[in-house]
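A short briefing on both topics is set out below it.

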Amino acid sequence: MTINTSAHSFSSQEVSSLDDTLAGLDLAQRLAFIAGLGGRAVFTTSLGIEDQVITAAIGTHRLPIDIATLETGRLFAETVKLIDETEERYNLTIRRFYPQQDDIDAFAAKYGLNGFYDSVEARHACCHVRKLVPLAKALEGASFWVTGLRRGQSGNRATTPFAEFDAERNLIKINPLADWDIGLINAHVAAENIPINPLHARGYPSIGCEPCTRAIKPGEPERAGRWWWENDEKRECGLHVAEAAQASIIPTAS
Ligand code: SF4
């Protein structure tokens, strides 16, 4: 198939066709197919278990997909350590994108450094400064944004496609693990001896910033430990908020 990646303009038919094509491929083939389309592809990793599976595939098959992470300044020490370990293991570079100190200072002056606990508005403002602004930098010039979203992570992500147009960022979002369940992820990690965050074994299936992530209890949804003090079941950090908003209209995505 041909996609006009240079123009950063994608028809719904092209995206639908790409989704169909990816559905028939395995993980490595999906990633290789995207890498072969010609536009810049960026994979953003949170170092969570799904993202480690994708990083391992990119590194093992030496695929020309840039890897980036949002180093928010509030990550768990285990996550920061895993960035270095993963680079060494797969002989690749995970580019770190940091928030601007001026933005952090402005947030802290208005809300307090940990003001995200006090209101959804403050939490979104913190995620904007520490995640969304750095994400925009990471995705500059990209035609394809590869993510580790899975349908089984939450009801909000239950219909995650393999390919979708991100109108806000004018690129195609690729979710190559959309149809993998956590059992398959765990089996693959064990079989390939992929390094993962030790926090997973301590009750953290989904790992974000340290002050905003807690371990979950048996039977809780995978993402119940993220921003646990908020009641909105569709809470997201804003990286995938467009999909979250769409989900209330057309059930559709770190
Ligand atoms: S997850 Fe928490 S600490 Fe991290 S950017 Fe969002 S509000 Fe701030």
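Predicted model: local features only at pLDDT ≥ 70, side-chain atom pairs only at ≥ 80, totals over all residues.

Residues are numbered from 1 along each chain as its sequence is written, and side-chain values use heavy atoms, with hydrogens and water left out.

**Fold**
- The protein has eight helices and six strands, these being DSSP runs numbered from the N terminus (helices H or I, at least four residues; strands E, at least two).
- Along the sequence their order reads α-α-β-α-β-α-β-α-α-β-β-β-α-α.
- Of the 254 residues in the protein, 52% are buried, where buried means under 20% relative accessible area, exposed over 50% and partly exposed in between (1.4 Å probe, protein chains only).

**Aromatic pairs**
- Seven aromatic pairs occur in the structure, a pair being rings of Phe, Tyr and Trp (its six-membered ring) with centres within 6.5 Å, whose planes count as stacked under 30 degrees apart, edge-to-face over 60 and tilted for the rest.
- The pair of Phe-107 and Tyr-111 is tilted, because the ring centres are 5.0 Å apart and the planes stand at 35°.
- Both Phe-107 and Tyr-111 belong to helix H5 (residues 101-111), where they are four residues apart, about one turn of the helix; Phe-107 is buried at 5% relative accessibility, whereas Tyr-111 is partly exposed at 22%.
- Phe-116 and Trp-229 form another tilted pair, with 6.5 Å from centre to centre and 35° between the planes.
- Because Phe-116 lies in the loop between H5 and helix H6 (120-138) and Trp-229 in the loop between helix H7 (182-192) and helix H8 (241-247), their pair ties together parts that are 113 residues apart in sequence.
- Ring pairs also link Phe-116, Tyr-117, Trp-228 and Trp-229 into a cluster.

**Charges over a ring**
- Arg-123 lies over the face of Trp-227, 4.2 Å from the ring centre, and the charged end of Arg-226 sits over the ring of Trp-227 at 4.8 Å from its centre; the criterion is NZ of Lys or CZ of Arg within 6 Å of the ring centre and within 35 degrees of the ring normal.
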